[in-house]
Amino acid sequence: MIGIKKKLTNDYPLFEYIERLEAGGALLPNTPENLLEAVGILKSYGVVLDAYSKNLIYIAENQFLVFFPFFKYFNGEFSVNKLLKHWWHDRINFEYAEYCMKAMLWHGGGGLDEYLDTVEFKENVQAVIAAKFKNNPFILGINQLFPDFLIEQMRVFSYYSALGQFWRVMADIFLSLSDLYDEGKIQSIPEVVDHIKAGLVADANKPITYSVKIRDKVYDLLPASIGLTFLADTAIPYVEAVFFRGTPFLGTVSYNAQAYQISPDQARFQYGALYADPLPIGGAGIPPTLLMQDMRHYLPEYLHEVYRRSRRGEDDLRVQICISFQKSMFCVTTAAILGLMPYPVDTKNPDEQQANRLYLQQWLDRLKTSRLSELNEGSSFCLVALPQKV
């Protein structure tokens, strides 16, 4: 063990984070400011995720195979007043939820991704198609000409449902965290991590299922019998797709293959939430802008007041929210890392300690180019390298 520690200390630049995790700490430093930001932004995020979750599940169950779903963001409660608010963008931006869903669908991973390519899933979808378009020979003819088109649509709706179920759990975890903080029962970053980890573990084996109802009959597209679960088949693929890989933001890099600005290897993508530069937030074509806009409406007053006292006040509020959000996501990442460790973090067995250390090194290797170092060096919303307000 001494030899391993010496090698990592001398040659491995992020060894301090491994030591911190082994000592019961987190990737994010344990300071009162970080605690306030992390809990406050997760309170807002929990409210937004609650709305995202309900809408994704509504779309999956009620808008499947609807080719022009003009009112899919209304959750079945359409009114002229809501339509006017929708056009005026006085609403939750559900487009961001779909952005995350498409990132999961594209990057894949987990049992859900594997099952959607099975013969069983295709047969289940064909039964749904036959029932839904029973009296529509035109669509049935299109299905004969292009047999993969509607199947692919149902793969998409399966991800709508799966992500909605995942966010349902996460929203409850974040909102209960805020309640405990308000009661004085959460007083440190490690306690934030422990709360999130406990929630992930408690729901690790929660079944992920998806069924649709046509007339009076229910069709199982993701039946419980296939054994899809919350942690392995939604949480881990979500972290991989949204936290780590993400998708390149339009307008910030060239999609021209000859420009070589985007790697052809998805495994090398580093556009996720843990890597993103917060400064473009607020610009057109930057999807997280929608999330930051949503969260600004639900900020707890104690966090909003801190933002108001920052260098630029509310002029760069979305950027400030984004930085706090990244801090909170490193707490969530810490919870995932610790929850998936091969052995208990406080093990005294030398072989188990070595296995844990190598496991942590693999995670830290992926975080080398993330925002981890900047956030640990004291960067915060009031220290962003922007001109001072005159």
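Buried means under 20% relative accessible area, exposed means over 50%, and partly exposed lies in between, with a 1.4 Å probe and protein chains only. This is a predicted model, in which local features need pLDDT of at least 70 and side-chain atom pairs count only at pLDDT 80 or more, while totals for chains, interfaces and linings use all residues. Residues are numbered from 1 along each chain as its sequence is written, and side-chain values use heavy atoms, with hydrogens and water left out.

**The whole chain**

Along the principal axes, the C-alpha atoms fill a box of roughly 70 × 55 × 55 Å. Of the 390 residues, 50% count as buried.

Next, select Glu-37, which is in helix H3. Is Glu-37 buried or exposed? Its relative accessibility is 2%, so Glu-37 counts as buried.

The structure holds 18 salt bridges, each a side-chain nitrogen of Lys or Arg within 4 Å of a carboxyl oxygen of Asp or Glu. Select Arg-308 and Glu-305, whose side chains meet in one of them at 3.1 Å, N to O. These two residues are three apart in helix H13 (residues 301-308), and therefore separated by about one helical turn. Arg-308 is partly exposed, at 33% relative accessible area, and Glu-305 is also partly exposed, at 31%. Then select Arg-309, which meets Glu-305 in a salt bridge at 3.9 Å, N to O. Arg-309 counts as exposed, with 60% relative accessibility.

Move on to Lys-368 and Asp-365, a salt bridge with its closest N and O atoms 3.7 Å apart. Lys-368 is partly exposed at 43%, as is Asp-365 at 35%. Elsewhere, salt bridges with shared partners join Glu-301, Glu-305, Arg-308, Arg-309 and Glu-314 into one network.

**Two surface patches**

Patches are made of residues with over 30% relative accessible area and no salt bridge, joining like charges within 9 Å and nonpolar side chains (Val, Leu, Ile, Met, Phe, Trp, Tyr) within 5 Å. Accessible areas come from the Shrake-Rupley method with a 1.4 Å probe, and for residues only the protein chains shown count as cover.

For the nonpolar patch, select Phe-67, Phe-68, Phe-70, Phe-71, Phe-78, Leu-145, Phe-146 and Phe-149, which together have about 930 Å² of accessible area. Where is Phe-70? Phe-70 lies in the loop between helix H3 (32-62) and helix H4 (80-87). Its relative accessible area is 65%, so Phe-70 is exposed.

Last, select Glu-16, Asp-277, Glu-374 and Glu-377, which form a negative patch. Asp and Glu count as negative, Lys and Arg as positive, and His and the chain ends are not counted. Each charge is placed at NZ of Lys, CZ of Arg, CG of Asp or CD of Glu. Asp-277 is in the loop between helix H11 (230-245) and helix H12 (288-296), and counts as partly exposed at 44% relative accessibility.

Definitions and conventions
Helix = DSSP H or I, 4+ residues; strand = E, 2+ residues; numbered from the N terminus.
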